[in-house]
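Here's a quick tour of how one protein packs its inside. Have the structure open while you read.

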Amino acid sequence: MGLQAQQAAVAEYLTRTGGELFASFMEVESGKRADRPELGKALELCRRKKLPLLIAKLDRLARSVAIISNLMESRVEFRACDMPDATRFTIHILAAVAEHERDMASERTKAALKAAKARGVVLGNPNIQEAGKKGRAASVAAADRFAESVWPIIESLRAEGLNLSETARELNERGVKTRTGRMWVVQTVRNIEIWRY
């Protein structure tokens, strides 16, 4: 489920339930990693503001029973848009299934790469210039995805009459970071508006 589909799932859930988006966090780390800085920031904001954490899809959050267990013990209410009525028991079972699937996918990938190497297939990218172009294109795409994810928050703050400086201050107070993990300033807010228009 791509980023746009996840954002659409959250928007649809909020429309259906009459909820309102307070802040948005985009985690780019793999669901199998325990180090999830954006998740940590989201949980801290939810604890501070006493807000529920809304997740587009449970298996995008984590493919580890330990991470889900820690989240459930974090004293932050959370809901997954794809399973809004799931019980704690159901979530534990689904996390275990997701973790198993993650491990199986990893084993299948390793076996396929080993077999390809045995057949003489050259792994890696022999065309470094082409890889550089693709890397730059991926970086631009990531910047676009980030801008798209924060635009609704910025747009709503600007619609409330906040100027660029006030908008940057409010984003910082909400714990929203820039794409590079820094604090918002007037220019970073302006950059998102330039991207939008």
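What follows looks at the nonpolar cores, an aromatic pair and a pocket in this predicted model.

Let's start with the packing. The largest nonpolar core counts 18 residues, and the ones with the most contacts inside it are Val 150, Ile 154, Leu 171, Trp 184, Val 189 and Ile 192. Helix 6 (128–159), helix 7 (164–173) and helix 8 (186–196) each give two or more residues to this core, with helix 6 contributing the largest share, seven residues. Zoom in on Val 189: leaving out residues up to four places away in sequence, Val 189 touches Ile 154, Leu 164, Thr 167, Ala 168, Leu 171 and Trp 184. There's also a second, separate core of 15 residues, with Ala 42, Leu 71, Met 72 and Phe 78 among them.

Now for the rings. The structure has one aromatic pair, made by Phe 146 and Trp 184, and it is stacked, at 6.2 Å centre to centre with 20° between the planes. Both Phe 146 and Trp 184 are buried. Phe 146 sits in helix 6 and Trp 184 in the loop between helix 7 and helix 8, so the pair ties together parts 38 residues apart in sequence.

Phe 146 and Trp 184 turn up again in the lining of the second largest pocket, alongside residues including Asp 144, Arg 179 and Trp 195. That pocket holds about 200 Å³ of space, and helix 6 and helix 8 each supply at least two residues of its lining. Here's how the lining divides:

| Lining class | Residues |
|---|---|
| Nonpolar | six residues |
| Polar | four residues |
| Charged | two residues |

Conventions:
Residues numbered from 1 in each chain as written. Predicted model: local features only at pLDDT ≥ 70, side-chain atom pairs only at ≥ 80, totals over all residues. Heavy atoms only, no water. Core = buried A, V, L, I, M, F, W, Y, C linked by side-chain atoms within 4.5 Å. Buried < 20%, exposed > 50% of the residue type's maximum accessible area, 1.4 Å probe, protein only. Helix = DSSP H or I, 4+ residues; strand = E, 2+ residues; numbered from the N terminus. Contact = heavy atoms within 4.5 Å. 1 Å grid on protein atoms, 1.4 Å probe; cavity = no way out; pocket = protein on both sides within 12 Å on 5 of 7 lines; lining within 4 Å. Points joined across faces, edges and corners; volume = space filled by probe spheres on them. Nonpolar A, V, L, I, M, F, W, Y, C, P; charged D, E, K, R; others polar. Phe/Tyr/Trp six-rings, centres within 6.5 Å; stacked < 30°, edge-to-face > 60°.
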